[in-house]
Amino acid sequence: MLKTFINPVIDLEKTDFEKVSQILSNIPNGIGWKDQHARFICANQQGINALGYSELDQIIGLTVRNAKGKIVETADQLIANDLYAMQQKKACKQIVSYFDKDNNWCLNLSLQQPLFDLHHNVIGVSNVGIRLLNTPLADKFAWLFLNENAIQEEYHQGVYKANNEFEQWQLSDREAEYLFFLLRGKNLADIRVLLKVSTKQLNKSLDLICYRFGVASIEQLIDRARDFKLHECIPEHWCQTF
């Protein structure tokens with residue numbers, strides 16, 4: 001049943017969104033349906049609450065820019081990822097760190113899929129937010145948002161796409177990890193320790209990655225990868241559990 005409501009074919013004119021919202025509210029994850037401009041047309045109660053509201057009619061026509069809480073600071077990236085899912089006509093994943101209206105830190109895996117009409121035209125996007133905190137998977141992703149220089153454990157907001165951006169450059173899972181950590185400011189010594197790789201193997205792999213990106217140095221590789229916004233992505237295989 002969950003799959004049916006995550007990625008349905010709908011008739012905008014005949015769908016009773018109030019009834020759909022009530023049905024979706026039986027699912028523990030936050031769910032939101034949006035139109036082609038990323039404006040909400042439906043959500044379950046968990047999704048409504050995540051935006052800081054209490055009723056469906058309060059969010060209809062709004063975007064995440066209108067949410068209550070610091071999550072609005074990530075709105076541009078969230079909306080851009082919604083639009084990407086619609087343009088590509090495929091399912092996408094993202095890891096989202098944000099603070100809700102009560103300033104509680106939240107860590108979610110968001111699944112995005114296009115919504116289609118009866119003629120298979122894209123008319124919007126669905127989002128399902130799976131809460132990761134207090135699950136065995138929390139530590140797998142929480143470190144991505146840890147403020148490294150903080151005296152106490154502190155987290156910041158952010159969004160990482162987890163699609164196939166690295167794989168489009170014909171990078172292996174391991175090569176994607178090397179590039180990911182380079183883009184996070186890690187030096188080669190750090191990467192050797194983090195990923196338990198030899199100097200010889202790391203240098204060989206980085207030479208190959210540079211070749212695929214058409215650059216001659218690590219510095220050029222980082223600039224080139226950032227041009228393609230790979231610093232906003234994590235390797236897709238990290239999310240293959242879902």
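A pocket here is an open set of points on a 1 Å grid over the protein atoms alone, where a 1.4 Å probe fits and protein lies on both sides within 12 Å along at least five of seven lines, and lining residues have an atom within 4 Å of a point. The model is a predicted one, in which local features need pLDDT of at least 70 and side-chain atom pairs count only at pLDDT 80 or more, while totals for chains, interfaces and linings use all residues. Residues are numbered from 1 along each chain as its sequence is written, and side-chain values use heavy atoms, with hydrogens and water left out.

The volume of the largest pocket is about 570 Å³, taken as the space filled by probe spheres set on the grid points. At least two lining residues come from each of β1 (30-35), β2 (40-43), α3 (45-50), α4 (75-88), β3 (92-99), β4 (105-116) and β5 (122-131), where helices (H or I, at least four residues) and strands (E, at least two) are DSSP runs numbered from the N terminus. Helix α3 supplies the largest share of this lining, five residues.

Strand β5 also holds N127, which counts as buried because its relative accessibility is 11%, buried meaning under 20% relative accessible area (1.4 Å probe, protein chains only). The side chains of N127 and S110 are joined by a polar contact of 3.4 Å, that is, a pair of N or O atoms within 3.5 Å of which one must be able to donate a hydrogen and the other to accept it, with residues adjacent in sequence counting only if both atoms are side-chain atoms. Beyond its neighbours within four places in sequence, N127 has contacts (heavy atoms within 4.5 Å) that include G30, K34, D82 and Q94.

Elsewhere, the aromatic side chains come into view. Rings of Phe, Tyr and Trp (its six-membered ring) pair if their centres lie within 6.5 Å, with planes under 30 degrees apart counted as stacked, over 60 as edge-to-face and the rest as tilted; by this rule there are 12 aromatic pairs. One of them is the tilted pair of F181 and W238, at 6.4 Å centre to centre and 55° between the planes. Because F181 lies in helix α6 (residues 173-183) and W238 in the segment after α9 (218-227), this pair ties together parts that are 57 residues apart in sequence. F181 is buried, at a relative accessible area of 6%, and W238 counts as buried at 11% relative accessibility.

Note on methods
Buried means under 20% relative accessible area, exposed over 50%, partly exposed in between (1.4 Å probe, protein chains only).
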